[in-house]
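Here is a short briefing to read beside the sequence and the 3D view. Look at the structure first, then work through the points.

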Amino acid sequence: MIKKVSIEQLRPGVFVHDFNCGFNSSNLIINQAVIRDMKMYEILQSWGIKEVYIDTDRGLDVDDGRPALEARLETDTALQDLAREQPASRRTVPLKEEMLVARNIKQQAASVIYNAIESVRKGEPLEVEKAYKLISKMEKSITRNRDALVLLTRIRQRDEYTLMHSISVAAYVLNFCNFYKIPHKRTMSLAIGAMFHDIGKTLVPIEILNKPGKLTDDEFEEMKRHSRYSSQILKTAKGLPAEAYDMGLHHHERYDGTGYPDGLKGDEIKSGSQLVAIADVYDAITSDRCYRNAMGRLEGLRKIYEWSEYHFNKDLTHKFIRGIGVYPIGTCVKLESGRIGVVIGSTENMIQPVVRIFFDEKRNVKMPLHDIDLSLTEDQVTGYEDPESWDVKKLNLFEDVAVDLLAGSPG
Ligand SMILES: [Fe+2]
Ligand SMILES: [Fe+2]
């Protein structure tokens, strides 16, 4: 059985199934291991890890600890409660329509970021005028349909990670600002800080950046320096607010003080840096990297919710989750009527998505695929379903959306 336990409960012979360390987005590489001695405890503690998942079928059990399934159900209930607290309505145009605009924005974003990287390599100051123009366009797109741009940035080649990650983190920050009606000027500085939070990686040697295996201590120290490099580069740009370069400098700080470079704690970390930290980790864990495959968007929400207990500002994380919506596209859900389907779009109400139905559990029959806009019916989502147990991938639910997505992906 998989159990969630605190690291104090670990002892030799226990098999760690998941080190649960994705909140530390620069060091996600460790997988599974048997605890050999208590030195491991010290290492985990030094990395800021508080809770891990163990497998009692592959190693010793511990006294307390909760079945992982139970912990997950509790998280799922909490997520849905969060969304119900503020199901704000917003204007929306159909996904397909906005996808066309978003595709152009994505191309433009790629060129803005490539140019920025080029000028950094040449030692020139960072040019942000075009980036500001781009961010205005992104902001408008997200106001019309919050899914289009984020979905497009998820289609990325593995070597495009840093490029698409910059756009995607900026898109999440813009989505947050839009949802909470943050004033335009502040929105702009948060988004520009988000877009260039990792620009310092340009100065980290490529062999370290793309190394598929575990980094040596020296390599890891160099990797960690990227946040200082980012703030130095951001400072070369004319007229940027201090908040933007603080986001470069402090996006790896963690609320419990276990982050870097300055080991800041709680509200010593400025709010913009707290926000970009959440968006950064959410994008990192839900994207394919050179060394591992992505988890789904719902699983990503569960994780940042779980980690907000220690590693992020809890209240801000809850707000971030609300802004994304707890039914991201692709989530498998059950409705009150007993129908099962997959979320294929959002409506003006965050807890009433459009669901493509494929099964009726009450009658135990497959249904011909059809879409229900929950904002127009009495039916509602009652819980999540495991997409694997329904073999959702085989159902080809996304043929029409996927065609658009693939057409928008770079060659
Ligand atoms: Fe970073
Ligand atoms: Fe990042």
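The count of disulfides is zero, where a disulfide is a pair of cysteine sulfur atoms within 2.5 Å. This is a predicted model: local features need pLDDT of at least 70, side-chain atom pairs count only at pLDDT 80 or more, and totals for chains, interfaces and linings use all residues. Residues are numbered from 1 along each chain as its sequence is written, chains are lettered from A and ligands numbered from 1 in the order in which they are written, and side-chain values use heavy atoms, with hydrogens and water left out.

**Cysteines**
- A disulfide is a covalent bond between the sulfur atoms of two cysteines.
- Cys21 is buried, at 8% relative accessible area.
- Cys177 is buried too, at 2%.
- Buried means under 20% relative accessible area, exposed over 50%, and partly exposed in between (1.4 Å probe, protein chains only).

**Domains**
- The chain is assigned domain 1 (2-64), domain 2 (95-324) and domain 3 (332-408).
- These bounds come from an automatic or database domain assignment.
- Between the C-alpha centres of domain 2 and domain 3 there are 30 Å.

**Iron ion (ligand 2)**
- His165 (NE2), His197 (NE2), Asp198 (OD) and Asp280 (OD) coordinate this ion at 2.1 to 2.3 Å.
- Donors are N, O and S atoms within 2.8 Å of the metal (3.2 Å for Na, K and Ca); water is not among the atoms, so sites may look incomplete.
- The four donor atoms subtend angles of 76 to 171°, so the arrangement is irregular.
- Four donors count as tetrahedral if all angles lie between 85 and 135 degrees; four count as square planar and six as octahedral if opposite donors are over 155 degrees apart and all others between 65 and 115; anything else is irregular.
- His165 sits in helix α6 (residues 161-179) and Asp198 in the loop between α7 (184-195) and α8 (206-209), so the pair ties together parts 33 residues apart in sequence.
- Helices (H or I, at least four residues) and strands (E, at least two) are DSSP runs, numbered from the N terminus.
- His165 and Asp198 are both buried.

**Iron ion (ligand 1)**
- Its protein donors are Asp198 (OD), His226 (NE2), His251 (NE2) and His252 (NE2), at 2.1 to 2.2 Å.
- The angles run from 85 to 175°, so this arrangement is irregular.
- His226 lies in helix α10 (residues 226-236) and His252 in the loop between α11 (242-250) and α12 (271-285), so the pair ties together parts 26 residues apart in sequence.
- His226 is buried at 1% relative accessibility, and His252 is buried at 5%.

**The bridge**
- Asp198 coordinates both iron ions, ligand 1 and ligand 2, which are 3.6 Å apart.
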